[in-house]
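Hi there,

Here is the structure I promised to pass on. Have a look first, and my notes follow below.

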Amino acid sequence: MTTPVYLDNNATTRCDEAVVQAMLPYFTEQFGNPSSMHAFGASVGGAVKAARASLQKLVGAEFDHEIVFTSGGTESDNMAILSALEAAPERSEIITSAVEHPAVLSLCAHLEKTRGIKVHVIPVDGRGLLDIAAYRAALSEKTAVVSIMWANNETGTIFPVAELAELAKEVGAVFHTDAVQAVGKIPIDLKSTAIDMLSLSGHKLHGPKGIGALYVKRGLRFRSLFKGGHQERGRRAGTENTPGIAGLGKAAELALLHMEDEQTRVAGLRDRLEKGLLQRIPNCFVTGNPAERLPNTANIAFEYIEGEGILLLMNREGIAASSGSACTSGSLEPSHVLRAMKIPYTAAHGAIRFSFSRDNTDADVDRVLEVMPPIIEKLRALSPFWKGADQAPATFNPVYA
Amino acid sequence: MWDYTDKVKDYFFNPKNAGVLETANAVGEVGAISCGDALKLMMRVDPETEVIEAATFQTFGCGSAIASSSALTEIIVGKTLGEALQISNQDIADFLGGLPPEKMHCSVMGYEALQAAVANFRGETWSDDHEEGGLVCKCFGVDEGMIERAVRANKLTTPEQVTNFTKAGGGCLTCFEGIEAVLARVNEELVAEGLLSFDEAYRIGSVDPRALKQKARPKAPPAPPKLDIKPLIAFETLAPVPAPAAAAATAVLEAPAPVARLTTVQKIRLIEETLEEIRPFLKQDGGDCELVDVDGNNVIVKLAGACVGCQMASVTVNGVQEKLIAKTGLPLRVIPVK
């Protein structure tokens, strides 16, 4: 059996060994509650402070107290949007994009249904770029919060959040960004932007699962999601997840250290894979915007076949990736991101996302390049749409149930 | 990752009968809108005997769609068209050792492709009226369309009745509010159509789900859902189906007590006691069961009420038998008599 190749790092990453080591003491000898008066708590408080400082550095925050630890990206997103609404009761509208993570979209849909909040969902074009004119038109004095992701999880497309935040500021709206996929992969300097809140997650940057953070700009009116203790300066009640926080701090430190590697070597691996696949396999194309994209993500649509089959055959070869196909999600809903980009369904179903990390090597790329062509060929031989390379698809008009 | 059986995996990795059949004289092309999958079934049918001599498929779809298509071709070759039309989607799923509830529509697609191909051979046009909706009950793989049909056909007005008819909500009950929403909506429609009085219609919130008992327990892996087209027709024409009763009976047989050698009288008494325990479940579904005789290890029973003539009676009998075996520790056989 050959060594497995993991190319699903936008789903989750391997927790770095150094991160695990940084966490371990806080389960045992350093078990104290940072809120306690005694010595058991004191040293743990120091560790939380250090972790906060290392996150501050990673996202370029002006102050360390702008970092609020949470349980992860979903909590941070919910916290940000609900806080902004509560803090500005005279405003009743949200602006978001069609390609956000469900943590944002489901919440917005829920608020629309239960609280009568007006939600503007800004469309994207075929490359996944935001319709800026529609965004400008939606902004008004009624906008409580704008929530637009920094980078898309499926295609890696990067949004111009700094500029979007400036526009939001003009109408006095709060600007939140879900940067779960961006933090640790691209340089971020929040103090030079008008971004008010930013969500990040530990397990996307080789940290542990169950820990994340919300950046809250100094001076922003904030309402806590949970009611309880005074932790995180009253912004997030509940005893701190100290091992998780220590781990996230270490992961942030390492991410900064590997940032250049991510931008150069990892991006190079991604580019070589992408180019190689396009050369070797007919009828496939890159989705998203290759000009402005995360360095680690490639999303390639293989026409006339379906993603789950591709993933199952790849998995048999020990290669892990993910798909925009309907059938790989529990809900059977095809990817809302690729649908928003109006990718034809015969291609969207066969879209495969390869997401790299610093753990990947040249050998991984070689292996995938070797394995993919026969997999695609095998499935195309089974497809009623496939007629041969660069041929128009077969006439096939099924009766749909 | 989906929990596919080894047979599903095998039929996906090494599909049989894939490709174009040049000599095909019966072709069915169908798709499932719920996931975008599509299937082309090609058959060579002997015009004289109507025996399916060969069958191949081409599928645009996931692993289970490909496996279901391939399984279908394996099942139908050698059968006459009449025999092939008796095959339900459940047969395809069973052939593969079961499918995850979310993937049952893959087998429905196979069933429909077959209907379409037969229609094509006979020069008819096949149209599909089968609509599915989102999956509501994950334990038993019951979708919105199936609940809606059951409510409509039988004028159901409580969530419990929905569970009795479709099994939906018979397990973990996290779908209760989903069932409630479909029930209330369809009841409202029935009232508007004048088929149900306003007072009878179900209103959201009028049942406390905490009071509902677990009526059935999914097998591990989850019981193959009955998306089957045929039983659905039965729902519309027959009295309540006591399937949950059978399942409930099996659900109670957690710990078979080891029983020492019994005298005949003790044995009959024990069987009678056990049947008494089961009867409330049967009665809940309008059925009943009476002990006629015990002959060695043969337990003769008489089914009554809704059980008579019910298609699911054999399931009920099996359930009763399992329960009796569990309780007595004897290799009993339940034989129903008219």
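To start with a question: are A:Phe385 and B:Phe60 buried or exposed? A:Phe385 is buried, and B:Phe60 is buried too; buried means under 20% relative accessible area, exposed over 50%, and partly exposed in between, with a 1.4 Å probe and protein chains only.

Before the rest, some housekeeping. This is a predicted model, where local features need pLDDT of at least 70, side-chain atom pairs count only at pLDDT 80 or more, and totals for chains, interfaces and linings use all residues. Residues are numbered from 1 along each chain as its sequence is written, chains are lettered from A and ligands numbered from 1 in the order in which they are written, and side-chain values use heavy atoms, with hydrogens and water left out.

On confidence, the predictor gives the complex an ipTM of 0.85 and a pTM of 0.79. Chain B averages a pLDDT (the predictor's confidence in each residue, from 0 to 100) of 81, and 81% of its residues score at least 70. Within chain B, confidence is highest in strand E3(B), at 96, and lowest in helix H9 (residues 229-237), at a mean of 37. Please treat one stretch with care: residues 219-259 of chain B have a pLDDT below 50, and beyond near neighbours in sequence this stretch has 88 contacts in the model (contact means heavy atoms within 4.5 Å). Helices (H or I, at least four residues) and strands (E, at least two) are DSSP runs, numbered from the N terminus.

Now the rings. Rings of Phe, Tyr and Trp (its six-membered ring) pair if their centres lie within 6.5 Å; planes under 30 degrees apart count as stacked, over 60 as edge-to-face and the rest as tilted. By this rule there are six aromatic pairs over all chains. One of them is A:Phe385 with B:Phe60, edge-to-face at 5.2 Å centre to centre and 90 degrees between the planes. This pair crosses between chains, from the loop between helix H12 (362-382) and strand E14 (399-400) of chain A to strand E3 (residues 52-60) of chain B. Another edge-to-face pair joins B:Tyr11 and B:Phe95, at 5.7 Å centre to centre and 75 degrees between the planes. Those two are 84 residues apart, B:Tyr11 in helix H1 (residues 6-13) and B:Phe95 in helix H4 (residues 89-95) of chain B. B:Tyr11 counts as buried because its relative accessibility is 6%, whereas B:Phe95, at 25%, counts as partly exposed. A:Tyr345, A:Phe385 and B:Phe60 form one aromatic cluster.

Charges sit over rings as well (NZ of Lys or CZ of Arg within 6 Å of the ring centre and within 35 degrees of the ring normal). The charged end of B:Lys16 is over the ring of B:Tyr11, 4.2 Å from its centre, and A:Arg380 lies over the face of A:Trp386, at 4.4 Å from the ring centre.

Finally, helix H4 (residues 102-115) of chain A. Its buried residues are A:Ala103, A:Val104, A:Leu107, A:Cys108 and A:Leu111. Seen down the axis of H4(A), they fall within an arc of 120 degrees (taken from the directions from the helix axis to the C-beta atoms), so they line one face of the helix. These buried residues pack against helix H3 (73-87), strand E3 (93-97), strand E4 (118-122) and strand E5 (143-147) of chain A. Just after H4(A), A:Gly116 takes a positive phi of about 65 degrees.

Best wishes
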